[in-house]
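Have a look at the structure first.

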Amino acid sequence: MQGAAWALPVIAAAVATPLAAASVACTAGLSTTTASYTRLSATSAVFTWVDVFGDGKDLTLTLSAVPNGANNMTINQTNNLRLDSTTQGGEAQPSVHLALDTADLRNIGGGQRVTFSFALGGVTVTVADLAYTIKDIDGFQALDGLGGAERVYVSEGTGTYNTDWIRGQGTSANAWRPFTGSPNPEVAATSAAGNVQVTAPPLSAFDLTFVANNSGRSLGDRPPQNIWVGPFTFTALNPVCAA
C-alpha cells in the first residue's frame with residue numbers, strides 16, 4: 001500500500017508536462033536578410049524561412065501589391081517588388097524596391113498599396129517587435145503645398161526620421177513626405193536623409209501605401225518614383241506555446 005501511495009504523484013506530474021513545449025522553440029528572432037526571396041510578379045512576392053521552430057513548418061512573409069487611388073501613377077512592371085542590395089538610403093542592405101511610373105501630373109495621389117502578411121505552415125501567425133526602414137522618400141515639391149512628390153503611409157506602426165527632410169505621421173491624412181523646406185528635392189542614394197525608421201506592435205499583417213503627387217513639375221517631365229523598404233526584423237511567435 002505504501003508503494004502505491006507514493007507512486008501516484010509521480011504519474012500525475014508526468015501527465016501534466018506538455019510534450020509540444022519541450023520539443024519545439026517558442027520564439028525566433030528573424031530578419032529578411034536571412035530569408036529566401038521569390039518575386040512571382042510585379043505585384044506578388046514572398047520571403048521564406050525554413051523550419052523556424054523545429055516542427056517542419058516554414059514561416060512566410062507574403063507581399064501583394066495593388067493599384068491605389070487615382071491612375072496618375074502606375075506600378076512599374078520591371079522593378080516593382082524586386083529585392084535590391086544596392087546602396088539606397090545610405091546602406092547596402094537587401095530591400096524591396098517599390099517603383100511607380102508617372103502617367104500624368106495630376107495632384108491626386110495615385111500609387112500602390114502593398115499588403116505584408118505573415119503565415120506559419122500556411123496559417124496566419126502573429127509576430128512581435130517588427131522594425132524596418134522606408135528609404136529614399138523624396139521628390140520635386142508638389143503644388144498642394146504639403147511637400148515633395150512621394151508620400152508613404154502604413155496601417156500599423158510609427159516612425160522616426162530627420163525632420164530637416166521629412167514630415168508627417170505615416171497616416172493617410174498625414175503621410176510621410178519630403179518637407180517643403182528640405183535642402184534638396186532629391187536625396188542621394190548614399191544619404192539616409194529621406195529614410196523613416198518604422199516600428200510596429202504585434203501583428204499578422206499590415207499595409208504600406210506609396211503614392212505620388214507630381215504636379216509641381218513641368219508638363220514634359222514625368223519621372224518614375226522609387227522607394228525601398230527593408231530589411232525587416234521581427235520576433236516570430238510559435239502559436240503552440242501560447243495555446
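Does Cys26 count as buried, partly exposed or exposed, and at what relative accessibility? Cys26 sits at 32% relative accessibility, so it counts as partly exposed. (Buried means under 20% relative accessible area, exposed means over 50%, and partly exposed is in between, using a 1.4 Å probe and protein chains only.)

Before going on, some ground rules: this is a predicted model, where local features need pLDDT of at least 70, side-chain atom pairs count only at pLDDT 80 or more, and totals for chains, interfaces and linings use all residues. Residues are numbered from 1 along each chain as its sequence is written, and side-chain values use heavy atoms, with hydrogens and water left out.

**The sulfur bridge**

Cys26 is joined to Cys241 by a disulfide, with an S to S distance of 2.0 Å; the term covers a pair of cysteine sulfur atoms within 2.5 Å. By that rule there is one disulfide. Its two ends are 215 residues apart: Cys26 is in the loop between helix H2 (19–23) and strand S1 (27–31), while Cys241 is in helix H3 (residues 239–242). Helices (H or I, at least four residues) and strands (E, at least two) are DSSP runs, numbered from the N terminus. The torsion about the S-S bond of Cys26 and Cys241 is about -85°, so this disulfide is left-handed. Cys241, at 29% relative accessibility, counts as partly exposed.

**Rings that pair up**

Rings of Phe, Tyr and Trp (its six-membered ring) pair if their centres lie within 6.5 Å; planes under 30 degrees apart are stacked, over 60 edge-to-face, and the rest tilted. That rule gives eight aromatic pairs, including these:

| Pair | Centre to centre | Angle between planes | Type |
|---|---|---|---|
| Phe116 and Phe206 | 4.7 Å | 0° | stacked |
| Phe118 and Phe234 | 5.0 Å | 65° | edge-to-face |

Phe116 lies in strand S8 (residues 110–120) and Phe206 in strand S16 (residues 205–212), 90 residues apart. Both Phe116 and Phe206 are buried. Phe118 is in strand S8 and Phe234 in strand S18 (residues 233–237), so their pair ties together parts 116 residues apart in sequence. Phe118 is buried at 1% relative accessibility, and Phe234 is buried at 3%. Ring pairs also link Tyr37, Phe47, Trp49, Phe118 and Phe234 into a cluster.

**The core**

In soluble globular proteins, nonpolar side chains tend to be buried together. Here, the largest nonpolar core has 48 residues, and Leu208 is one of those with the most contacts inside it. (Such a core is a set of buried Ala, Val, Leu, Ile, Met, Phe, Trp, Tyr and Cys residues joined through side-chain atoms within 4.5 Å.)
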